[in-house]
Structure formats: structure tokens, C-alpha cells
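Biologist: Could we go through this model together? I would like to start with the ligand site and then move on to the fold.

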Amino acid sequence: MTGTQAGVTQSTTRSGHALLDREVAIVTGASAGIGAATARALARRGARVVLAARRAERLDAQVAAITRAGGSALAVPTDVADPLQVEALVRRTLDVYERVDVLVNNVGGGAFAPLTLEPAEITRMIDANLTGAILLVRAVLPGMIERRHGAIIAVAAVTGAVALDPLYSATKFGLRGFTLSLRRQVAGSGVAVSVISPGYIQTDPAHRSRPLVPGPDAVARRIADLVAHPHREVFIPRFHRAAVWVEHALPWAWDLAIRSQVVQPSGASR
Ligand SMILES: NC(=O)c1ccc[n+]([C@@H]2O[C@H](COP(=O)([O-])OP(=O)(O)OC[C@H]3O[C@@H](n4cnc5c(N)ncnc54)[C@H](OP(=O)(O)O)[C@@H]3O)[C@@H](O)[C@H]2O)c1
């Protein structure tokens, strides 16, 4: 069965998974965690995946695993906090695959980072979590619009919708604001834009199997689904929607809930 939705052309297997036949996907932060799992999930569905992160040897290991499983993948060591490396990532993808159909802006870190970080470290966190994502969209969007074909997915966080963590929330609110605004601006262009906002995800294999805490593969499957079936924003696990509803409707309830856990700018608990 084939069909076209805003975003990518898709075929569907009997199990209901959309096949991303030879779509070209860039996944950032693909050397570990959710990004690595997303690269594997997209490759399993037939996409040709470009894996970007700083640690070349980890990227190579991910590419080798994808290739062994019959998929197609390319490692492009990239620090997304560096605009020149972002440009080089897109250029290399176009040199090898000639287009970009899917962008997964997954890099993100610094949860619970204290405000006492040095200014350069704060700037670097914002550059990695937010500016890099914006620059990547800036680089790939014109080609997607020209071909009326593309999917952009941002990996934000529940703390990008519930204000709990000043530095990290600043970057994730920013990423959500950018991506959701973009979604409105490109509506009808053939480019689909989605946000996925995870709560706590168990990315360390040594600590798996906590009840109600999904692992990276569950997030990756959802991201792969969003390529063919875009959605404004999904929360994973879904029950986090309630936390976001409370933030909008009863913000004082969150004030009370985190009162005892307030952290001073120095990093010390009150
Ligand atoms: N895990 C959770 O509980 C959770 C919850 C909510 C949201 N999220 C979001 O989900 C996304 C993935 O999280 P995760 O837990 O999978 O993270 P992770 O396991 O720490 O992996 C982060 C990935 O990003 C890469 N990376 C970090 N800085 C980079 C930079 N400047 N340039 C390029 N790559 C960079 C890392 O690789 P290198 O070190 O090799 O560069 C690694 O591949 C993030 O946006 C995070 O904020 C996670």
C-alpha cells in the first residue's frame, strides 16, 4: 500500500509500520541513547541514515551495526554547536545522497545544570541544544520546500513545556517554540514538522526495566512513526500530558510540588 501524507511518501507493511524507502535522514546526537536508537529504527524501516555526533568511534560502531543488519548509514562526526560543522554535515550528506528528506534534531544535554556554570559553558549548552538545531533546519529546509517533501522532528523534553530547570528548560522551551512556530509557517508546503517531548527515559542500559520508564527504543519507534505520521507534539510516556496541562491551567500546583526541591543558583538545595 502506498500513499502521501504531508512529509514523506510512504509504503506500509502488514504490521502497519510505514516504510521509509531510501529516504535520507540526518539524526543528530546519534552516537548514543535516543539518537542512536532512532538511527537504527529509521534504517530498519528502509531510510538511509546520516549519523552525527562528536565521538567518531561511537558513530562508526553504530554505522557498523546498521550495515550488518542490512541497512545503509554514514557517520559524519559533527559538533552541532559549531556552525561550520553544521554546514559541513549538510554538505557531506548532499555529496553522498543528494538530498535530505528527514531531519531529527535530537542533540540535547545539561539537565539540572547549575546557573553557576561559566558563561562560555552556558553559551555552549545553548548552541548545542538550540542554535545547532535552528542552523540545521535553516540548511535543509530550502531543499525540502523546493521538493515539497520533508519531515523535521525535534526532540524536546517535558521540561520544555513545564518550567522546572532554568538552563535546560530555556533551551527546550526555545526548541519547542522554534519548531512549533516553524510547523505553522510551513503548513501546506509538503514539509511536516513534529515535536516529541520525552519525560525521563532510561538511556543507560545498566539501569533498564524501571516500571513506567521507557528505554530509548520506545522513543525511537515513536520518532520513526512521526516521519510518516506527523503530529504537533507527542509526550512520551503519554501521561506527561497531564503535567503539561497542570502547568497551563494550575501553575501554582507545580510551584507547590517543587517547593521542597528548589535548587539555589549555586547548585545547593534549599
Ligand atoms: N534521557 C532522558 O531522560 C531525556 C528526557 C527528556 C528529553 N531528552 C532529550 O532527548 C535527547 C537525547 O537524549 P539522550 O538521553 O539520548 O542523550 P545522551 O544519551 O546523553 O546522548 C546525547 C547524544 O548527543 C550527542 N551530543 C551531545 N552534544 C553534542 C554536540 N555538541 N554535537 C553533536 N552531538 C552531540 C552525544 O554524542 P557525542 O558525545 O559523541 O557528541 C550523544 O550521541 C536530548 O535532546 C535530551 O535533551 C532526554
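**Ligand shell and fold**

Modeller: The residues of the shell around the ligand divide into 14 nonpolar, 10 polar and 4 charged. Please keep in mind that this is a predicted model.

Biologist: Which residues are the closest to the ligand?

Modeller: The closest are Gly 29, Gly 33, Arg 54, Arg 55 and Gly 108, out of 28 residues that surround the ligand.

Biologist: And which element gives the largest share of that shell?

Modeller: Helix α1, residues 33-44, does, with 3 residues.

Biologist: Now the fold. How many helices and strands are there in the protein chain?

Modeller: The protein chain has 8 helices and 10 strands. Of its 270 residues, 42% are buried. As for contacts between residues at least 6 apart in sequence, 67% join residues at least 24 apart.

Biologist: Which strands does β4 pair with?

Modeller: β4 pairs with β5 in the parallel sense over 5 bridges, and with β7, also in the parallel sense, over 3 bridges. On the β5 side, Ile 26 stands opposite Val 50, and the bridge partner of Val 27 is Leu 51. On the β7 side, Ala 25 stands opposite Val 102.

Biologist: Then β5 itself: buried or exposed?

Modeller: Buried: 6 of the 6 residues of β5 are, so this strand is largely enclosed by the rest of the structure. Arg 48, Val 50 and Ala 52 point one way, while Val 49, Leu 51 and Ala 53 point the other way.

Biologist: What lies beyond it, on the β6 side?

Modeller: β5 (residues 48-53) pairs with β6 (residues 72-77) in the parallel sense over 6 bridges. Arg 48 stands opposite Ser 72, and Leu 51 stands opposite Ala 75.

Biologist: Turning to the core, which residues touch the most other members?

Modeller: The largest nonpolar core has 73 residues, and those touching the most other members are Ala 25, Val 27, Ala 39, Leu 42, Val 49, Leu 51 and Ala 52. The most residues in this core come from α4, which gives 11. In soluble globular proteins, nonpolar side chains tend to be buried together.

Biologist: What does Ala 39 touch, for instance?

Modeller: Leaving aside residues up to four places away in sequence, Ala 39 touches Val 27, Ala 30, Val 49, Leu 51, Gln 62, Ile 66 and Ala 73.

Biologist: A change of topic: what should I look at in the backbone geometry?

Modeller: Most residues other than glycine have a negative phi, and most peptide bonds are trans. In this model, the peptide bond from Ile 236 to Pro 237 is cis, with omega near -10°. Pro 237 sits in the loop between β10 (233-236) and α7 (240-249).

Biologist: Which residues have a positive phi although they are not glycine?

Modeller: Phe 112 has a phi of about 65°, and Arg 148 has one of about 50°. Phe 112 is in the loop between β7 (102-105) and α4 (119-147), whereas Arg 148 lies in the loop between α4 and β8 (150-155).

Biologist: Why do those two count as exposed?

Modeller: Phe 112 counts as exposed because it has 12 other C-beta atoms within 10 Å. Arg 148 is exposed for its 12 C-beta neighbours inside 10 Å. The cut-off for exposed is 12 or fewer.

Technical notes: Residues numbered from 1 in each chain as written. Predicted model: local features only at pLDDT ≥ 70, side-chain atom pairs only at ≥ 80, totals over all residues. Near = placed C-beta within 6 Å. Helix = DSSP H or I, 4+ residues; strand = E, 2+ residues; numbered from the N terminus. Nonpolar A, V, L, I, M, F, W, Y, C, P; charged D, E, K, R; others polar. Buried ≥ 20, exposed ≤ 12 C-beta atoms within 10 Å, placed from the backbone. Contact = placed C-beta atoms within 7 Å. Pairing = 2+ DSSP bridges. Core = buried A, V, L, I, M, F, W, Y, C linked by C-beta atoms within 7 Å.
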